[in-house]
Amino acid sequence: MFYSGFAHKYRHNHSRRAYFYPENHKLELIWTVVPAIVLTVLIVTGLKQWNDILMTEKKGMNMQVYGYQFAFIARYSGEDNTLGKSNFRLINDENALGLNLDDKATKDDIITTGNEMRLPVGTSINFTFNARDVLHGAYMPHFRAQMNMVPGMNTHFNFTPTITTAEMRKKLNKPDFDYVLLCNKICGNAHYTMKMKIVVETPEEFAAWLKTQKKASEIPTANAAEVKVADAASTNVQPTANLKLRQIIL
Amino acid sequence: MMWSVFIETGPASGGWTIYPPLSALPQAMPGSGMGMTLWLVSMVLFIVSALLGGINYIATVINLRTKGMSMMRLPLTIWAFLITAILGVLSFPVLFAAALLLVFDRSFGTSFYLSDIFIGGEALHNSGGSPILFQHLFWFLGHPEVYIVLLPALGLASEVIATQSRKPIFGYKAMVVSMLVIAFLSFIVWGHHMFMTGMNPFLGAVFTFTTLLIAIPSAVKVFNYIATLWKANIQLTPAMCFAIGLVSFFISGGLTGIILGDSALDINIHDTYFVVAHFHIVMGASAIFGMFAGVYHWFPRMFGRMMNKTLGYIHFWITVIAVYGVFFPMHFLGLAGVPRRYYSNSAYESFMDMQNINELVTVMSMIGGVAQLIFAFNFFYSMFYGKKSEQNPWGSNTIEWTAPVEHLHGNWPGEIPTVHRWAYDYSKPGAEHDFIPQTTPYSQTKGSNLPGEE
C-alpha cells in the first residue's frame, strides 16, 4: 500500500530534489525488531501445532497404507491391533504386501480388496505408510493430512475423522461427494490417476464392512526357503526404537 | 539435455527434483533411462561451468577493484553478484556429489538411495540406502539455489531504484548485511522442502525455526526499498517499473513463504499449487523482473542505443498483470488441495469446481507469453535502430557510465577511473546536480561534503 502510494506520490518533477536520507539507525532497528517479534510468535504457535500433530505419540487403531505404481492398498491390523511383519522379497501376485505369514501378528490382518478404504468416525487412527517401488505421497486433502511413502522406511501420521461421508454429503449438498486419498509425489507416467476412495462411517458399519475384506490368513503361504530368507530380513511395521534412531539420523 | 528430447525413451521426466528411486530405475518410467543419463551428464557440465564462473566473479571482485573502490563503496549490484558467487561455490559441489551417487546407483549397482524395492515383477538386490539421503543432498544445493537466482535480481533492482529515485539507497550497510545474513541462513533451511517426506518431525521443527528467521533480513530489505522511495523524485522509466514490480513480487511471495515455512501449515499445502504459486512469484517472476529491469537500464551501455520507452511500458503492464493473473489464483487451487505435477486434474470430481480458475490461469499465461514478444522485438529493433544513447542517460553515479559509448577493448581508453566516493550520492544537499559520480573527488564538491568527507 505504502509502496504503490510512494511510487505514485513521488513522481519525477524537475523543479524538485529528492530528500537526501541515506540512513536512520533507529528506524532500521525498529523494522528489524518488529518482524523478529512477529516471527517469534508465529514460530512458537506453529511449532506447538506441529508438535501436537506429528511428535506426540497417540493411541489408536493401527493400520497401514501401502503405495505402488499406480494404486494404494490398505491393511488393517485386526483384533490384536498389531500389524504383522512383511518383507518385499515375499511379494507375489497373491501377496501384494509381502506379508510374512509366519508372524502371529500377521494372521488377523485384513487387506482391502476394492479401491476403497473405510475409516470409523471418531476413532484416532495411526497410519503407517510404506511403498513398494518409488516414492509416493499419501495426501488426504479433506483431512488436511499428508505424508510421503518411502520404500524401505515406514512413515507415520495420526488423525481422527470427525464427519462421516454421509453427513458431509448432506452438509455440502452434494450427493456424490467422496473423501479421497491421492498420490502427491510424482511417481511415474500415470501418477495423476493414483487415488483411492475414503469412506468415513459409523464404527458399526465399519466393522460390518471389514468382515467382507480379505484376511491375511487366506493368502497361500510362500514356500519355506523363501520365508527363511525373508525372516532374517523381515521388517517390523510397528514403530520401534531402531526405526526411530534411523529417522533421527536421516 | 536438448538431445534427450529426440531419443526413443524421451527426456528425463521425474520432475526437476529427480528424486530416486523414480529417477534411478528405468523400470519405473521410460524417461529414467537414457534421458536421465543425458540429464545427469549435462548437469555435471553445468555444475563445473557454474563453479568456474563463480570463482571468476569472486576473484574479480576481491582482487580487481579499481583504485579507491573499497568494499563499502561497491554498488549493491556487485555485492549481490559476489554473495551469489560464494553461495554457488559452496553449494554446487554438494549437488555434484548427489548426482555422482545417483550415477553409481543407476549404473554400478550401489544402494545409496535404494532399499527394499519390488518393481517390474522382481525384488531388487538393493538394501540399506535411503531416498531421503538424496533429498537432503539435493536441497542443500536446492535452497541456496533459490537465492542464487534471486540475489542478483535484488542487486540490479537496488541500483535501478536508487538511481531512478534520485535518492541514496536507504541503509546501504543494512542492505549488505541483510544479504550476507540471507546467504548464511540459506544454508541451514533446506529441510523445509522435506517436512512431509518422512524426515524426522524433530528436524521439521528445527527447519521451521531457521526458515522463518529468513523473513527478518528479507523484511529489512523490503522496508529499506520502501524508505528509498519515500520523498524521492521518481523517474518511472521501464527499468524502474520492473524494479518496483520485483519488490512487489518479493513482498507477495515472501508472505506466502512464511505460510509454507511453517511446518504445521505445510502438512496440507506441501506439493500443491500453493507451492507452485509461491515460488514462481518469489523466485521466478521476481528474478525475471530483476533481469528485465537490468536490461532496460543497462541497454544503452551495452549497445549504445536506447530501448523504446512506450513498448517498455506496454510490456511491463501486460506482464505484471499476467503474472499476478496466473499465480494469484493458484494459491486458491493449492488451498483447495489440488496437487502439482498432475497431467490432468479432471480425473478428480472434487477438483471439477476449480475448472474456471484453471481456465483463467491458462488465458493469463498465454497473454503473458505473447507480451514477451513485444520485449524481444524492442530488444532487437533498438539494438540496430534505437535512438542513440547519451553518455549517461539516467544520470547515474556508478563508473560504468563514464566509459565511452563506443565499444573499446578494455572499456576505457587509458587507465580505469579512480573512485572517490560511494555510489549513492544522489540529490545531495548543496551539490550542483542531483547526482555526483563516484569518480568525482570530494575536493571538487566542497559545497555538498558532509562532516568527515574532506
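## Strand S5 and its partners in chain A

S5(A) and S8(A) run antiparallel and are joined by 5 bridges. The model described here is predicted. Across this pairing, A:Asn126 stands opposite A:Asn158 in S8(A). S5 of chain A, residues 125–131, is mostly covered, with 6 of its 7 residues buried.

S5(A) also pairs with strand S1 of chain A (residues 61–68); these two run parallel and share 7 bridges. Within S5(A), A:Phe129 is the bridge partner of A:Val65. In general, the strands of a sheet pair through backbone hydrogen bonds, in either the parallel or the antiparallel sense.

## The whole sheet

These pairings belong to an open sheet of 6 strands in chain A, ordered S8-S5-S1-S2-S3-S11, with mixed pairing. The edges are strand S8 (155–159) and strand S11 (214–215) of chain A; each has a single partner strand, so one side of each is left without a neighbour in the sheet.

Elsewhere in the sheet, strand S2 of chain A (residues 71–76) pairs with strand S3 of chain A (residues 110–111) in the antiparallel sense, over 2 bridges. A:Arg75 has A:Ile111 in S3(A) as its bridge partner.

## Chain B

Chain B contains 11 helices and 2 strands. Their order along the sequence is α-α-β-β-α-α-α-α-α-α-α-α-α. The radius of gyration of chain B is 25 Å, close to the 22 Å that the globule rule gives for 454 residues, so chain B is as compact as a globular protein of that length.

The C-alpha trace of chain B spans about 85 × 50 × 45 Å along its principal axes. Of its 454 residues, 51% count as buried. Among contacts in chain B with a separation of 6 or more, 74% are between residues 24 or more positions apart.

## Contact between the chains

Where the two chains meet, 66 residues of chain A are in contact with 79 residues of chain B. On the side of chain A that touches chain B, at least two residues each come from helix H1 (2–9), helix H2 (25–54), strand S6 (136–140), strand S7 (145–149), strand S9 (179–183) and helix H7 (241–249). H2(A) supplies the largest share of that side, 14 residues.

Sorted by class, the side of chain A that touches chain B has 39 nonpolar, 16 polar and 11 charged residues.

Terms used: Residues are numbered from 1 along each chain as its sequence is written. Chains are lettered from A and ligands numbered from 1 in the order in which they are written. This is a predicted model: local features need pLDDT of at least 70, side-chain atom pairs count only at pLDDT 80 or more; totals for chains, interfaces and linings use all residues. Helices (H or I, at least four residues) and strands (E, at least two) are DSSP runs, numbered from the N terminus. The radius of gyration is taken over C-alpha atoms; the globule rule is 2.2 Å times the number of residues to the power 0.38. A residue is buried if 20 or more other C-beta atoms lie within 10 Å of its own, exposed if 12 or fewer, and partly exposed in between; C-beta atoms are placed from the backbone. Two residues are in contact if their C-beta atoms, placed from the backbone, lie within 7 Å. Two strands pair if DSSP finds at least two bridges between them. Ala, Val, Leu, Ile, Met, Phe, Trp, Tyr, Cys and Pro count as nonpolar, Asp, Glu, Lys and Arg as charged, and the others, Gly among them, as polar.
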